[in-house]
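Hi everyone, thanks for making time this morning. Let me put the model up and walk you through it.

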Amino acid sequence: MNEYPDSFFIRNEEIISTYQDVLNNEDELWFDLEPGIIYDQLKNLIPFAMSENGHYLFWDIENGENDEFDIYITDFRGLGFTKIANNLYEFFDKITSQLEFKKILLLVKNHCQELLKH
C-alpha cells in the first residue's frame, strides 16, 4: 500500500510536512486554531482525508472514546482547526443527514465569507 501516491502513509507524511515547522516551533504558527484546541494538540492530529476543495480531516489519536478518535477539519487558509465530530460514525451521520450536513457547510460558508471581507 505504500507504493501508491494516494496511500494513507504517503499522503499523511506529505500533509504533515507542510506544517512540520509549526510542530517543531509554536512561534512558526501560520494558521488558525479555533477555541477548544490548543497548540499541543497539533502533534496528536493525524491527517486521513482531503476534499476536492482543500479541506483536510484529522484524527486526534490521543482523544476519543471506545477506540474512536475525535475528528477535526481545516483548510490551512483561514478555517482554523475545528472539531466536527467525536468519531467517524458521527462524521458520516453529519455529512449524510439532511439536517446535520448544513452545520458543516455553514462552518465552511462562514469561513469563506470572512475571507471575502479581507
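The accessible surface of the chain comes to about 7900 Å², and carbon and sulfur atoms hold 52% of that; areas here are Shrake-Rupley values with a 1.4 Å probe, and for residues only the protein chains shown count as cover. This is a predicted model, where local features need pLDDT of at least 70 and side-chain atom pairs count only at pLDDT 80 or more, while totals for chains, interfaces and linings use all residues. Residues are numbered from 1 along each chain as its sequence is written, and side-chain values use heavy atoms, with hydrogens and water left out.

Of the 118 residues in the chain, 35% are buried, meaning under 20% relative accessible area with a 1.4 Å probe, protein chains only.

Now the fold. From the N terminus, the elements run α-α-β-β-β-β-α-α, taking helices (H or I, at least four residues) and strands (E, at least two) as DSSP runs. The 4 strands make an open sheet in the order 1-2-3-4, with antiparallel pairing; strands pair if DSSP finds at least two bridges between them. Strand 1 (45–50) and strand 4 (82–85) are at the edges with a single partner strand each, so one side of each has no neighbour in the sheet. Strand 3 (residues 70–74) and strand 4 are joined by 3 bridges, and Ile 71 has Ala 85 in strand 4 as its bridge partner.

And what packs on the sheet? Helix 3 (residues 88–96) does, touching strand 1, strand 2, strand 3 and strand 4, where contact means heavy atoms within 4.5 Å.

Key. Buried < 20%, exposed > 50% of the residue type's maximum accessible area, 1.4 Å probe, protein only. Axes fitted to C-alpha atoms, helices over the stretch in contact; angles between N-to-C directions.
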